[in-house]
Amino acid sequence: MWHRGGVRILIVEDEAALAEAVARGLRREGMAVDIALDGDEGHEKASVTRYDVVVLDRDLPGMHGDQLCREIVASGALTRVLMLTASDAVADRVEGLSLGADDYLAKPFAFPELVARVRALARRATPVTPPVLVAGDVELDPARRTVTRAGRPVELTRKEFGVLEVLLAARGSVVSSEELLERVWDENADPFTTTVRVTVMTLRKKLGDPGVIDTVVGSGYRVPAPAGEPGV
């Protein structure tokens, strides 16, 4: 089960400097980003991890970007594909979209445009959720990136915000530490660290009393479902 929350992106690009630059920029936007430097690595990562968006260079060593796009589409996943190419010819755009890509962007591109397109695709890659997530007197607005409790603003770091968003979107379901790592951090996060536990601890302090986040021993964390909604 995949919960709405932090956006998970895979960049498949053989120009390492470009891939790293794009990844840094998207991470500053609060997204979790993984990188693959050839088509085979991209195929492997896309096969084992559910990404919201794959930013896919068309001309790749190993598995060609066209074939990787076909594989992603054929898998039936909700993952959206933003195809990158050095050509902005209409015929190339049409061909890329005919392969199943959801959007197409020619190099060089303006980074703000890339961010806007990735965000638009990410919204399409996840089930529709209420514009504002609510649990008791806690409200989280994903679009405005704001959190309030009893009407008062709560200042959170990007990771704290991402954890709370995933927990609220789960609607009472238990979310494991491993899933929080996957949705809010990225593949570079060490699963054996106390990163999630520490982040939840600081999040609880900022939200104050009475406590909002429950620990389910041996399973993970949850925020009780809003009144009238059954928990899972």
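1. Let's start with the pairing of Ile11: in this predicted model, its bridge partner in strand 2 is Ile35. That pair belongs to a parallel arrangement, in which strand 1 (residues 8-12) is joined to strand 2 by five bridges.

2. Strand 2 (residues 32-36) deserves a look of its own. Five of its five residues are buried, so the strand is largely enclosed by the rest of the structure. Ala32, Asp34 and Ala36 point one way, while Val33 and Ile35 point the other way, and all are buried. In a regular strand, side chains alternate between the two faces of the sheet.

3. An unreviewed UniProt entry places the feature "modified residue: 4-aspartylphosphate" at Asp57.

4. Is Asp57 buried or exposed in the model? With a relative accessible area of 4%, Asp57 is buried, because the cut-off for that label is under 20%. Leaving aside neighbours within four places in sequence, Asp57 is in contact with Val12, Glu13, Asp14, Gly65, Leu84 and Lys107. One of these, Val12, falls in strand 1 (residues 8-12).

5. A friendly word on confidence to finish. The mean pLDDT of the protein is 86, and 85% of its residues reach 70 or more. Residues 1-5 are another matter: pLDDT stays under 50 there, although the model has 21 contacts beyond four places in sequence for this stretch.

Note on methods
Residues are numbered from 1 along each chain as its sequence is written. This is a predicted model: local features need pLDDT of at least 70, side-chain atom pairs count only at pLDDT 80 or more; totals for chains, interfaces and linings use all residues. Side-chain values use heavy atoms; hydrogens and water are left out. pLDDT is the predictor's confidence in each residue, from 0 to 100. Contact means heavy atoms within 4.5 Å. UniProt positions are given in the numbering used here, feature names are shortened, and annotations may be inferred rather than shown by experiment. Buried means under 20% relative accessible area, exposed over 50%, partly exposed in between (1.4 Å probe, protein chains only). Helices (H or I, at least four residues) and strands (E, at least two) are DSSP runs, numbered from the N terminus. Two strands pair if DSSP finds at least two bridges between them.
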